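Open the model in your viewer and switch to a cartoon view with side chains at hand. We will go from one selection to the next and say what is there.

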Amino acid sequence: MSLKIQMETKNNNQDPKSESTINFVPTNSALSWDEYFMLQAMIAAFKSKDPATKVGSVFVDKNNHQITMGYNGFVAGIDESKVPWGKDKSAPLEFQKYGYVVHSEANAILHSSRSLEGSRAYVTLFPCNECAKLIASSKVKEVVFLSDKHQETESNRIAKKIFDLSGVTYRTLNFRPEILGNLTEHLQNLLTDI
Ligand SMILES: [Zn+2]
């Protein structure tokens with residue numbers, strides 16, 4: 001008996017409805033990978049102590065595995081009681097946060113334990129030119145951003161020039177607002193299960 005006839009004989013002896021659909025429940029993930037990693041970046045931003053601007057980033061490999069994350073914060077190990085969070089630029093740089101803060105992307109790159117070549121970076125805010133230097137030099141392939149609110153600044157233009165000249169692509173992500181409501185419900189359900 002040929003393999004084809006054997007298979008047809010076997011199939012004819014089964015009721016496809018009764019066996020192939022047992023315990024099959026239609027379901028979908030609540031998030032795309034883009035939304036999942038942007039949410040991770042948003043949670044990383046939530047960890048920042050910066051009272052004015054909280055930024056987060058997550059770097060991901062081609063298999064959608066997270067490589068590293070970061071948020072904006074003071075230099076690691078510094079005595080934080082000795083440096084200011086204020087951003088008043090009328091004070092000398094020594095008395096502004098800008099003298100001491102490490103950006104989220106820089107922190108993520110600094111603390112990565114493996115190469116970021118070919119990775120995607122999810123950022124809550126479009127990178128500044130200093131972080132763009134690090135991202136492009138790390139051979140990151142793509143930057144996905146939530147906000148580009150500083151697009152009129154020189155730093156933003158330079159960042160895009162760096163990306164364009166080095167072949168780093170960038171795109172915005174339209175984060176579906178209903179995700180936040182669904183996530184809140186999900187978290188509340190987890191907490192009531194304790
Ligand atoms: Zn930066």
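Predicted model: local features only at pLDDT ≥ 70, side-chain atom pairs only at ≥ 80, totals over all residues.

Stop 1: Select the five strands that make up an open sheet with mixed pairing, in the order β2-β1-β5-β6-β7. Now look at the edges: β2 (66–71) and β7 (169–172) each have a single partner strand, so one side of each is left without a neighbour in the sheet. Going across, the twist averages 15° from one strand to the next.

**Stop 2: strand β1.** Select residues 56–60, which are β1.

On one flank, five bridges join β1 to β2, and the two run antiparallel. They form a hairpin with five residues between them. Click on N64 in the turn, which has a positive phi of about 60°. β1 is also joined to β5 (residues 120–125), by four bridges and again antiparallel.

Then label F59, which stands opposite A121 in β5.

**Stop 3: the core.** The largest nonpolar core has 31 residues. Select A41, V58, A121, Y122, V123, I135 and V143, the members that touch the most others. To see where the core is drawn from, colour α3 (33–46), β1, β2, α4 (104–110), β5, α5 (129–137), β6 (142–147) and α6 (154–166), each of which supplies at least two residues. The most come from α3, which gives five. As general background, nonpolar side chains in soluble globular proteins tend to be buried together.

Zoom in on Y122. Leaving aside residues up to four places away in sequence, Y122 touches F37, M38, Q40, A41, S57, V58, V60 and V144.

**Stop 4: the helix pair.** Finally, select α5 and α6. How do their axes meet? The axes come within 8 Å and cross at roughly 15°. An angle under 35 degrees counts as roughly parallel, and α5 and α6 are therefore roughly parallel to each other. Their crossing is right-handed. To show the contact, display N129, A132, K133 and A136 in α5, which meet S155, I158, A159, I162, F163 and S166 in α6.

Terms used: Residues numbered from 1 in each chain as written. Pairing = 2+ DSSP bridges. Axes fitted to C-alpha atoms, helices over the stretch in contact; angles between N-to-C directions. Core = buried A, V, L, I, M, F, W, Y, C linked by C-beta atoms within 7 Å. Buried ≥ 20, exposed ≤ 12 C-beta atoms within 10 Å, placed from the backbone. Contact = placed C-beta atoms within 7 Å. Parallel < 35°, antiparallel > 145°, perpendicular 65-115°, else oblique. Left-handed = near helix turned anticlockwise from the far one by under 90°.
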